[in-house]
Amino acid sequence: MAAKKPSVLAASRNDPQLHPSALRDPALLLVSDWQMARYVSMLLCRVQQRLESRMLVNPGIQVLASDSPKRVRDQTTLIPSDPRDYAVAREAEVFAMTEALKLQDSIPEVAATSLIGVIAKLEMIVGADRDIGDPTDFPWPHIASVLRDLKAIAGGLPVGRRSRERTRSDVAKHWESAVKLVAALKEETQRTTVAM
């Protein structure tokens with residue numbers, strides 16, 4: 001049975017940062033894409049959190065900043081001029097995380113062709129549990145134990161470097177999608193308000 005390669009892996013095949021063995025095993029391509037999607041979602045999460053903290057630090061009410069009006073003016077320059085930036089950052093993070101979840105969902109469709117590929121699939125499974133669940137419940141400690149055993153026998157995943165170019169491209173892709181979504185939601189809200 002031939003290994004099934006989901007269409008979401010197309011970007012990785014052309015990534016010069018991939019370890020050569022990754023090009024032979026679809027599971028290594030999958031884990032590479034998944035790691036990149038998680039990294040991009042983490043970056044977008046940080047952007048969203050920074051914008052959120054700026055909104056909390058300076059909601060625009062001078063009374064809250066008692067030390068000086070100058071401090072309030074200085075902090076205001078840090079806040080983006082477009083109030084939709086926070087909503088866009090939040091939605092861009094959701095798009096990136098959705099991409100990572102889609103890659104996780106494709107694990108059963110991808111056949112590993114090496115022991116390292118099996119390790120890659122287990123890394124994704126255990127890594128996903130760290131994000132969403134309690135890793136102390138059955139079967140997570142057991143799966144983590146099998147993963148440790150496999151790594152001791154076969155070694156770990158090949159180390160790849162993240163391409164800044166690809167990171168920027170992925171962030172821009174999710175940001176653009178989020179901008180379109182927020183604009184569409186605003187337009188829909190305005191139409192609904194006018195119709196009432």
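**A helical chain and its salt bridges**

R166 and D170 both belong to helix α7, which spans residues 164–195, and they stand four residues apart, about one turn of the helix; helices here are DSSP runs of H or I with at least four residues, strands are runs of E with at least two, and both are numbered from the N terminus. The model is a predicted one, in which local features need pLDDT of at least 70 and side-chain atom pairs count only at pLDDT 80 or more, whereas totals for chains, interfaces and linings use all residues. Residues are numbered from 1 along each chain as its sequence is written, and side-chain values use heavy atoms, with hydrogens and water left out.

The side chains of R166 and D170 are joined by a salt bridge of 3.7 Å from N to O, a salt bridge being a side-chain nitrogen of Lys or Arg within 4 Å of a carboxyl oxygen of Asp or Glu. R166 has a relative accessibility of 13% and therefore counts as buried, and D170, at 10%, also counts as buried; the term buried stands for under 20% relative accessible area, exposed for over 50%, and partly exposed for what lies in between, with a 1.4 Å probe and protein chains only.

Helix α7 also holds E187 and R191, which are separated by about one helical turn because they are four residues apart. Their side chains meet in a salt bridge with an N to O distance of 3.8 Å, and here E187 counts as partly exposed at 47% relative accessibility, while R191, at 53%, counts as exposed. Salt bridges that share partners also join D33, R166 and D170 into one network.

The structure holds seven salt bridges. Another of them links R90 with E91, where the closest N and O atoms are 3.8 Å apart; R90 is partly exposed, with a relative accessible area of 35%, whereas E91 is buried, at 17%.

The protein chain as a whole has seven helices and zero strands, and 34% of its 196 residues count as buried. Helix α2 (residues 26–57) packs against helix α4 (residues 85–105) at an angle of about 160°, with the axes 8 Å apart; axes are lines fitted to C-alpha atoms, for helices over the stretch in contact, and angles run from 0 to 180 degrees between N-to-C directions. The two helices α2 and α4 are therefore roughly antiparallel to each other, on a scale where angles under 35 degrees count as roughly parallel, over 145 as roughly antiparallel, 65 to 115 as roughly perpendicular and the rest as oblique.

E52, in helix α2, is partly exposed with a relative accessible area of 32%, and its C-alpha atom is separated by 9.9 Å from that of D85, 33 residues apart along the chain. A154 is part of helix α6 (residues 140–154) and counts as partly exposed at 30% relative accessibility; the C-alpha atoms of A154 and S114, which are 40 residues apart along the chain, are separated by 9.8 Å.

On the surface, L115, V118 and I153 form a nonpolar patch with about 280 Å² of accessible area together. Patches are made of residues with over 30% relative accessible area and no salt bridge, with like charges joined within 9 Å and nonpolar side chains (Val, Leu, Ile, Met, Phe, Trp, Tyr) within 5 Å. L115 itself is found in helix α5 (residues 115–132) and is partly exposed, with a relative accessible area of 41%.

Note on methods: Accessible areas come from the Shrake-Rupley method with a 1.4 Å probe; for residues, only the protein chains shown count as cover.
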